[in-house]
Each structure stands twice: as structure tokens, then as C-alpha cells.
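Good morning, everyone, and thank you for making the time.

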Amino acid sequence: MAATTLYQSVGTLQSCRNNVNSGLCPDYGHVSFRSVSKGFKVDVGLLRGGSFCSRKRSSCVIQASASQAMVFDEASAPSSATTSDSNKKTSEAALILIRHGESMWNEKNLFTGCVDVPLTTKGVEEAVEAGKRISNIPVDMIYTSALIRAQMTAMLAMTQHRRKKVPTIIHEESEQAGAWSQIFSEDTNMQCIPVVTAWQLNERMYGELQGLNKQETADKYGSEQVHEWRRSYDIPPPNGESLEMCAERAVAYFTEHIEPQLASGKNIMIAAHGNSLRSIIMYLDKLTSQEVISLELATGIPMLYIFKEGRFIRRGSPPAPTEATVYAYTKGFAFS
Ligand SMILES: O=C(O)[C@@H](CO)OP(=O)(O)O
């Protein structure tokens, strides 16, 4: 995949949206296949050459056992809790969300959307730093968007993980690809973490704003208008996706594919984008369309949720080894 090339998407958002249900999205260079792998169903995205479209941190203790993990709060966990009686406990799973590190177009302050741009050196460092923060949290499966900045972030973060497993993209787009994947031994499989790439987790399509400088666009159209395009829930930028439209695919993918994995006890990391993650956080935290306006995500800061009894419990951002308090929510979004 010539992923490090800047690549302007072709075709229209509408033609993509029309094809979403059929699983085919040629204008965005993406074909989606449903396949069965290791007992779970996944949608595997195939890129054709380019873009597409705590508060008590220290008390969060995670015990890993095989592919399942019990994640619980030390303060609230019964003192008799051990792995041997784990079958008596309610299964919990960790969900880590991470927005990609700084991209080349973030650096230039350009609207990016579904243009496929790589990380900057700073973005690479952010991803590595993010990896340090989550190095002790078990990860059984990774979901990323189909865009390289999210994939780079996931891979770089996992280089720091304590388990030293190798993130491996699942390719089952054809019989041949499936057969080739069988060359791995069971032993090798044990050393890998499956990575599912899904275009549904892509950044929202910014339409005619893609490639434009954000400041210059604000100067031209007024900062209020541009803020509405960037942060409102249901007002799309010209020929682009609103957050609501982005949520239709991203949250649907989350509930259909990722939530069942969490429910089965798998610890999941999602590496994606500012707006696809805002839509997912809106769902997880039950934010209103007014509240989501002020939700901003920093690049390269992981956010931890615990999935327990069908509920998502926000744990904030795991601390860096040397930092006392860093949160991913940067604009007055208080932890409750
Ligand atoms: O340009 C973009 O694609 C996004 C994320 O970088 O920008 P915004 O902050 O305007 O949503």
C-alpha cells in the first residue's frame, strides 16, 4: 500500500454512502468483506492504493489471563478477588481509544478528512508516548481506520507494550489471502494481536474543505461558520459529512463489531480520528448534540474505558510514567 503518499479522494461522498450497505465503496478505493476469523466475524477493509473514505488512575488494576482479562478498580474490588475465582466475577474488558498522532496536515493546519496523510516526526513520538501509557493494559484486538495515520499510531504504540506481541493486519479479502494467512503456526499466532482495519472508522469526509487551511477558511467565511462546520452535530461542511453522518457509520460499526468483542471479554484498542472518535465517545458517554460541540480530542492521548455489565465506565487517560495528571479531553470537559 503506497500509504505514505498524499492522496486526494475521488468520487463523491454520496456514491460511497449509497454503497455502504452493499459493502462496496469503489470511489473511496475500499471494498469491505465479511469474513470469519478465529471465531469472530470481522469486516476487513481493503485499501486500493490510497485514501478513503478517575479520577483514581493509580487504582485501576488490570489482571490479564490468556486472551481474557479482568479489569477492575482496586479500591472497589473485593480483597479476595483472585484469578482462580475469576469465573465468579463479572467479566470486564478494557477499551482504549486513541486519536492518531500529529499528521502532516495537522502540522500545516489543513482540513484533512479522508485524505491519507502520514504522521509527522512529532506524531510518531506521540504514538510511542501513547504506547508507554497503555503498556500495562492488556490488548487482545486492535481496530483502526483504513487511513495510515491511525494505523501508524496503533503499530507504533504497540512497540511499547509489555507483552511484545506483534500487531498483524487480518487479510481475508480473498481465498488466497486467507490461505496465505494459514502459513503462520499456532505458536506464531499466539505472538500476534489481530488488527482489523475498517473504513467506517475513518475521519469524517470534510468535502470541499479538504486541503484548505483552517485559519484562511475562517478568515474567508467567518470563524462562527467554520466552527459550526467543524464542531456542530448536524451541520455538514459543503459536500462533506456532519458528525451525525459520521456517527451513522462509525457508531454502527462500533456497536455491531466491536461491542460484541468487549462483551465476550476481549480488551480492545481503537486507533482512529478526531471526529470518528468524537462520535463514538458521544455514544459511550451519552453526550447530547449540544455537549459534543465542546468535545475536543488531543492527538496521541489514549483514553481508557472499562466495559462492565453492558456499561462503559470512563477512566480518563492512563498516566505517562512520569506525569501526574494528563487528560485527553482538552476543553473543559470535566470527568464525572
Ligand atoms: O482536519 C480534520 O480532518 C479534522 C481533524 O484533524 O479537523 P477538525 O479538528 O476540524 O475536525
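Predicted model: local features only at pLDDT ≥ 70, side-chain atom pairs only at ≥ 80, totals over all residues.

Which atoms lie 3.1 Å, 2.8 Å and 2.7 Å from an oxygen atom of the ligand? For Arg99 it is a polar side-chain atom, at 3.1 Å, whereas Thr112 comes to 2.8 Å through a backbone N or O atom, and Gly113 has a backbone N or O atom at 2.7 Å. The ligand taken alone would expose 310 Å², and the protein buries 96% of that.

Turning to the chain as a whole, we have 336 residues, of which 55% are buried, and a secondary structure of ten helices and twelve strands.

The largest nonpolar core holds 34 residues, and Leu95, Leu97, Tyr143, Phe254, Leu262 and Ile270 are those with the most contacts inside it. Several elements each supply at least two residues of this core, among them strand E6 (92-99) and helix H10 (274-284), while the largest share, eight residues, comes from H9. Phe254, leaving aside residues up to four places away in sequence, touches residues including Leu95, Leu262, Ile270, Tyr283 and Phe312. Apart from this core lies another, of 17 residues, which includes Ile137, Val139, Ala154 and Met158.

Notes. Residues numbered from 1 in each chain as written. Heavy atoms only, no water. Helix = DSSP H or I, 4+ residues; strand = E, 2+ residues; numbered from the N terminus. Buried < 20%, exposed > 50% of the residue type's maximum accessible area, 1.4 Å probe, protein only. Polar contact = N/O pair within 3.5 Å; in protein donor to acceptor, adjacent residues only side chain to side chain. Areas by Shrake-Rupley, 256 points an atom, 1.4 Å probe, with all protein chains shown as cover. Core = buried A, V, L, I, M, F, W, Y, C linked by side-chain atoms within 4.5 Å. Contact = heavy atoms within 4.5 Å.
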